[in-house]
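Thanks for coming, everyone. Please look at the sequence and the structure for a moment before I start.

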Amino acid sequence: MPNTVSFNENYPDITKSDELYARAQRIMTPVTQTLAKGPGQYTKGVSPKYVKRAKGSHIWDVDGNEYIDFQMGIGPISLGYAYPKVDDAIRAQLEDGITFSMMHELEVELSELIHEIIPNAESIRISKTGADVCSAAVRVSRAFTGRNKVLCCGYHGWHDWYIGTTSRDKGIPQESKDLVAAFEYNNIDSLKALLDDDVACVILEPFIFDAPKDNFLHEVARLCQENGTLLIFDEMWTGFRVAVGGAQEYFGITPDLAVYSKAFANGMPIALLTGRRDVMQLFEQDVFFFTTFGGEALSLAAAVATITEMREKNVPARLAEQGKKLKDGYNGIAAELGISQYTKCYGYDCRTIVTFDPLAGNGMEIKAFMQQELFKRGIMWGGFHNMCFSHTDADVAHTLAAYREVLPLLKETIEAGDVASRLLGEPVEAVFRKVTNAAPVKAK
């Protein structure tokens, strides 16, 4: 389909966005329900803050400006906004109801589907958010092993056991913090230093952007098995993207437990916990994990329709194909301009990140400069290429054309050393999340 986004002479008019923001500030603290969607992640004074609607890979803000979206709802939009087959399934289920007084047949249908495609899914639990199922996985791991400690690597949600390892840890008892430690991705010694006979589980994202090195994931699995520690894959980003069966299918590793959300219902709120039957059996009587909305039927219908489409259309292959064009194209332009030492795009093709070397200057300011120039050219950009099935060849071509205009401006800015003076608003802000959160390695 043709691309309907164009390069603009002026930066977007964001009058209505700013009006809504002023209203929100009077009654909401903070104004966003998700940090990654909030105003701190977009160049203040230039970027829109509120959206109105979306279709396919495009999104329109409340002022009517149209953009190609590479945020994709911060992950859940895997097929595309308002994807017909998924929306049709939701509408059909809406005619029959949303939430009921007994279990719904779609709970069984979805669980059977998950059992077919996810290697470790001997047993399945359904919930609503990624944080829910991460915490349920930790709780059942502690119950099964009779141990207390948790080792983590990556981001795992807002509950006490994890968020106590971050800078936003107020309100969490020290006793809870003392039971959790973080290790560093691709640093097996940082895990070994923490692994003792009271570690109930190791929970990690199989990858964020860096690929595992030196057989890292297999070594983590081996160490966990030898120590009697359960291995949990947090597949919020990898599940249904790198392969329909997720990272465990892609890497050939079967963790004891795995958790999923985001991609498999194309935007509807739903999450999964899958794992060994002997561990999951504890949810029958010993471990409590229940929620009224776990069987909400619109999300179940969306999940079945999304996964079916993913299998029939081989969606992960398409995500990788389009994402690779953007990654290779960006890096090619940077190389041509002689700035590849300052910026690169890397990661698995389905989800890549654009990074800036400290040699180039203040990373937050540079990101803000890139963002303001890309918004002007019709691209909603947060430094990532979160690919969806609806990203077209025309979208990719437009984006690369925009990079071909913006990267020379970046080069000029870096060489002049005056990026701050070229910002039309305030720079983006860092969030607490770290892709490497190193634990201390004991001296040997």
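**Starting from Met370**

Let's begin with Met370. Setting aside its neighbours within four places in sequence, Met370 is in contact with Tyr330, Phe356, Trp381, Tyr403, Val406, Leu407 and Leu410. Contact here means heavy atoms within 4.5 Å.

A word on the source. This is a predicted model, where local features need pLDDT of at least 70 and side-chain atom pairs count only at pLDDT 80 or more, while totals for chains, interfaces and linings use all residues. Residues are numbered from 1 along each chain as its sequence is written, and side-chain values use heavy atoms, with hydrogens and water left out.

**The cores**

Back to Met370. Which residues touch the most other members of the largest nonpolar core? They are Leu110, Ile114, Val202, Leu204, Phe240 and Met370, out of 89 residues in that core. Helix 11, residues 297–313, gives the most to this core, with nine residues.

Now the terms. A nonpolar core is a set of buried Ala, Val, Leu, Ile, Met, Phe, Trp, Tyr and Cys residues joined through side-chain atoms within 4.5 Å. Buried means under 20% relative accessible area, exposed means over 50%, and partly exposed is in between, using a 1.4 Å probe and protein chains only. Helices (H or I, at least four residues) and strands (E, at least two) are DSSP runs, numbered from the N terminus. As background, nonpolar side chains in soluble globular proteins tend to be buried together.

**Salt bridges**

Next, charges. How many salt bridges does the structure hold? It holds 23. A salt bridge is a side-chain nitrogen of Lys or Arg within 4 Å of a carboxyl oxygen of Asp or Glu.

I'll take three of them. In one, the side chains of Arg318 and Glu321 meet at 3.3 Å, N to O. Both sit in helix 12, residues 315–337, and because they are three residues apart there, about one helical turn separates them. Glu321 has 40% relative accessibility, so it counts as partly exposed. Arg318 is at 22%, so Arg318 also counts as partly exposed. This pair belongs to a network of salt bridges that links Arg318, Glu321, Lys325 and Asp393.

Another pair is Arg377 with Glu373, at 3.1 Å, N to O. Are these residues buried or exposed? Both Arg377 and Glu373 are buried.

Then there is Arg422 with Glu412, at 2.8 Å, N to O. Glu412 lies in helix 14 (393–416) and Arg422 in the segment after that helix, so the pair ties together parts that are ten residues apart in sequence. Glu412 has 43% relative accessibility, so it counts as partly exposed. Arg422, at 23%, counts as partly exposed too.

**Backbone details**

Last topic: the backbone. The peptide bond from Thr29 to Pro30 is cis, with omega near -10°. Where is Pro30? Pro30 lies in the loop between helix 1 (15–27) and strand 1 (51–55).

Now two positive phi values. Asn215 is not a glycine, yet its phi is near 60°. Asn215 is in the loop between strand 7 (199–204) and helix 8 (216–227). Its relative accessibility is 48%, so Asn215 counts as partly exposed.

Lys262 is not a glycine either, and its phi is positive, about 60°. The loop holding Lys262 runs between strand 9 (257–260) and strand 10 (271–275). At 24% relative accessibility, Lys262 counts as partly exposed.
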